[in-house]
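Please look over the sequence and the structure shown below, and then follow the text alongside them.

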Amino acid sequence: MKVAVIGLGVIGHVHMEVLTEMQQTVVAVCDVDESKFAEYPTAKGYVDYKKMIDEVRPDVVHVCTPHYLHAEMVVYALDKGVNVLCEKPLCISRDEIEQILSAEKRSTAQLGVVLQNRYNPANVYAKEQLGNDYATGGYGHMIWNRTEAYYAQAAWRGTKDMEGGGVLINQALHTLDLMQYFCGEPDQVVASISNLTLKNVIEVEDTASALYSGKGNFTFFATNGSKVDFLPEIMLYTKDGYMRIMGNCVLHNDQLKRFDESQKVYGKGCYGAGHSGLFTHFYDCLEKGEKFPIDGTEGSKVIKMILATYESNGNKIDI
């Protein structure tokens, strides 16, 4: 397939590395910084993503840009009949969700969303154990550290208009997605968000706590205010006991199960080893004419939860 990548920042380089190892042909790249094109001399460089899509007509385009640009790029590509693999978050507003789902519905192409933690072996095991059922209750947390220097790396970080939020929509999104993946999509949320450590640095939250209820019932806590990064953890109560997921380990009814730790991690360690599995699955689906399961509808579930969490302000509201 002919592949194009939009955005050559941190996550864009991860996509390029995985695609290279998959032996997919990246024919074009796009970024506002033309100096980055030298890293990929076999791909044609563009600064205008629309021009790239129109001229190259790729089979697949990877969207790896800042959050606020995802929706317009996804919609444009789908309307041109180009398959899209979009980095998280799929988008940052309800209007954008509707735009994307409408474009997906009228397009002949497929949309995939990069929620790669679903492909980590411990999470695959937990989902297999649940089968067609959901956990009866759950708790999850993500406790990390993000400093002023981190947010200074790019102007869009830490802003409401461009990042869409803080710890929830950026760092904790993957763990929160797993909560609804294991427990079911909730109907309501009551939540509190705050900025405890970066008040003069960012305009969004560094800490959030929430209670989700309805079809899915679980509690969630996330912060970027820790002094160190801890492994995200998930506790699930099931019909036959419990599962506690910790990195590559699952404590299942007092039996500790360890999974392969030799899988390659692309980019930051916190990204996990799921990118390769997700990319391979997406491309396999395209080649076989099958439906990729993490489509716009599936990828937007966690976005709806996050947006409602931001709106709660201590009140129980519908998602």
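How many of the seven residues of strand 9 are buried? Strand 9 is mostly covered, since five of its seven residues are buried, where buried means under 20% relative accessible area, exposed means over 50% and partly exposed lies in between, with a 1.4 Å probe and protein chains only. The structure is a predicted model, in which local features need pLDDT of at least 70 and side-chain atom pairs count only at pLDDT 80 or more, while totals for chains, interfaces and linings use all residues. Residues are numbered from 1 along each chain as its sequence is written, and side-chain values use heavy atoms, with hydrogens and water left out. Helices (H or I, at least four residues) and strands (E, at least two) are DSSP runs, numbered from the N terminus.

**The sheet and its helices**

Nine strands make up an open sheet with mixed pairing, and their order is 14-13-12-11-7-10-9-8-15; two strands are taken to pair if DSSP finds at least two bridges between them. The edges are strand 14 (255-258) and strand 15 (317-318), each of which pairs on one side only. Strand 14 runs antiparallel to strand 13 (residues 249-252), to which four bridges join it, and L251 has L256 in strand 14 as its bridge partner.

Helix 7 (residues 173-183) packs on this sheet, where it touches strand 7 (137-143), strand 9 (207-213), strand 10 (218-223), strand 11 and strand 12. The direction of helix 7 makes about 170 degrees with that of strand 10, the axes being lines fitted to C-alpha atoms, for helices over the stretch in contact, and the angles running from 0 to 180 degrees between N-to-C directions. Helix 9, in turn, lies across strand 8 (188-194), strand 9, strand 10 and strand 15, and runs at about 65 degrees to strand 8.

Strand 9 has antiparallel partners in strand 8, through seven bridges, and in strand 10, through six bridges. Within these pairings, Y212 in strand 9 stands opposite V189 and also opposite F218 in strand 10. Strands 9 and 10 form a hairpin with four residues between them, and G214 in the turn has a positive phi of about 115 degrees.

**Nonpolar cores**

The largest nonpolar core holds 96 residues, of which M52, V84, L176, F182 and L236 touch the most other members; such a core is a set of buried Ala, Val, Leu, Ile, Met, Phe, Trp, Tyr and Cys residues joined through side-chain atoms within 4.5 Å. If neighbours within four places in sequence are left aside, L176 is in contact (heavy atoms within 4.5 Å) with L168, Y212, F218, F220, V302, M305 and I306. Another core, of five residues, lies apart from the largest one, and its members include Y150, Y151, L198 and V204.

**Charged pairs**

Side chains of opposite charge can pair when their charged atoms come close. A salt bridge is counted where a side-chain nitrogen of Lys or Arg lies within 4 Å of a carboxyl oxygen of Asp or Glu, and by this rule the count comes to twelve. The table lists some of them.

| Salt bridge | Closest N to O distance |
|---|---|
| E298 and R118 | 3.0 Å |
| K301 and E298 | 3.0 Å |

Salt bridges with shared partners join R118, D177, E298 and K301 into one network.

R244 is partly exposed, at a relative accessible area of 31%.
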